[in-house]
Amino acid sequence: MASKLIYDWNEEPGGAKPGRKVGLVDETLRDGLQSPSVTLPRLEDRLRLLHLMAALGIDDVNIGMLAAGKQFQEDALVLAREIFDGGLPLQCHCAARTVIGDIKPIVELAERVGGQIGVGLFIGSSPIRHYVEGWEESELVGFVRDAVRFAVEHGLRVMFVTEDTTRAMPDTLRRLYGTAIENGAAQLVLCDTVGHATPRGAARLVRFVREFAGPDVGIDWHGHSDRGLALACALAAIEAGADRIHATALGIGERSGNTPMEQVLVNLQLMGYIERDLTKLQEYCHLAAEACGVPLPPDG
């Protein structure tokens, strides 16, 4: 018996499992492709990845940023139809700036597929981003209010995303997140956009946002690997109360990459936060590597 052969210091006394489940958001097909070292997968490979995501119990998938152009809009339509017409157990969403012009194509997409599409509305939140862009905070609050309200009024499920959250001022986050919540955002996404956070910082940030956002608003964690701490920060965010983790296959993405989905899945399974059939995990990783032109680790 394993219990007689192994003593697990990771478990709490009595072996109690977490009393809640954690959701997973797959960013492979959007954020994961923002790297000069990654090849845009063929559409048929992206469709195969959707089926593998569904088999692995992924909850939500980012299918693109439609404001990037006509081809992205056409591809997103094919991906969304595969999910809705094929009955895949996946939610899907698209990325957009907090600009109404970015949101309109997503509204049109939802109308064409006849199902609810989510939108991840993002805006920079740190002082250095505001300095570079020449933004005033009052101006940003207006962008957030108008964009979230427009998306909600048109039936989109809204995730409000603050870029560079881990270097943002507390009062700024209160104002931006508070405005998003007041206008109907259902989910807040905390982003370690440049991989700045340590696990301790990630946990502090999640607890800070939860304190003023309340228990009914979802909190997501989206991390990067610049300091090699993406997985550790994701696990710390979960322990601090985050509801969902964003990740990509093989950790692909800009600079040093994102939190690796395969590592998140295995760790959450071992920790008792999810119960998934992971038999398709190897196929998911190998397909992502082949389709995106990314080498697997030598022992992969």
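Analyst: A residue counts as buried under 20% relative accessible area, as exposed over 50%, and as partly exposed in between. At 45%, R255 is therefore partly exposed. The model discussed here is predicted.

User: Which other residue has a positive phi, near 60°, and is it buried or exposed?

Analyst: D164, again a residue other than glycine, has a phi near 60°. D164 belongs to the loop between β5 (157–163) and α7 (170–182). Its relative accessibility is 3%, so D164 counts as buried.

User: How many salt bridges does the rule give in total?

Analyst: The count comes to 20. One of them joins D59 and R276, whose closest N and O atoms are 3.3 Å apart. D59 lies in the loop between α2 (43–55) and β2 (60–62) and R276 in the loop between α10 (261–271) and α11 (281–292), so this pair ties together parts 217 residues apart in sequence. D59 is partly exposed because its relative accessibility is 28%, whereas R276 is buried because its relative accessible area is 19%.

User: Which residues are linked in a network of salt bridges?

Analyst: R42, E44, D45 and R48 form such a network. Between R42 and D45, the closest N and O atoms are 3.1 Å apart. D45 has a relative accessible area of 6%, so it is buried.

User: What is a cavity, and how many of 30 Å³ or more does the structure hold?

Analyst: A cavity is a set of grid points where a 1.4 Å probe fits but cannot get out. The structure holds 1 of 30 Å³ or more. The largest cavity contains about 40 Å³ of space.

User: Which residues line the largest cavity?

Analyst: The lining includes D192, H224, D226, R227 and C233.

User: Which residues make the nonpolar surface patch?

Analyst: For a patch of this kind, nonpolar side chains are joined within 5 Å, and each residue needs over 30% relative accessible area. I128, Y131 and V132 make a patch of about 390 Å². V132 is in helix α5 (residues 127–133). With 60% relative accessibility, V132 is exposed because that value is over 50%.

User: Where is E239, and how far is its C-alpha atom from that of Y284?

Analyst: E239 is in helix α9. E239 counts as exposed because its relative accessibility is 52%. The C-alpha atoms of E239 and Y284 are separated by 26 Å, the two residues being 45 residues apart along the chain.

Technical notes:
Residues numbered from 1 in each chain as written. Predicted model: local features only at pLDDT ≥ 70, side-chain atom pairs only at ≥ 80, totals over all residues. Heavy atoms only, no water. Patch = residues over 30% accessible without salt bridge, like charges linked within 9 Å, V, L, I, M, F, W, Y side chains within 5 Å. Areas by Shrake-Rupley, 256 points an atom, 1.4 Å probe, with all protein chains shown as cover. Salt bridge = Lys/Arg side-chain N within 4 Å of Asp/Glu carboxyl O. Helix = DSSP H or I, 4+ residues; strand = E, 2+ residues; numbered from the N terminus. Buried < 20%, exposed > 50% of the residue type's maximum accessible area, 1.4 Å probe, protein only. 1 Å grid on protein atoms, 1.4 Å probe; cavity = no way out; pocket = protein on both sides within 12 Å on 5 of 7 lines; lining within 4 Å. Points joined across faces, edges and corners; volume = space filled by probe spheres on them.
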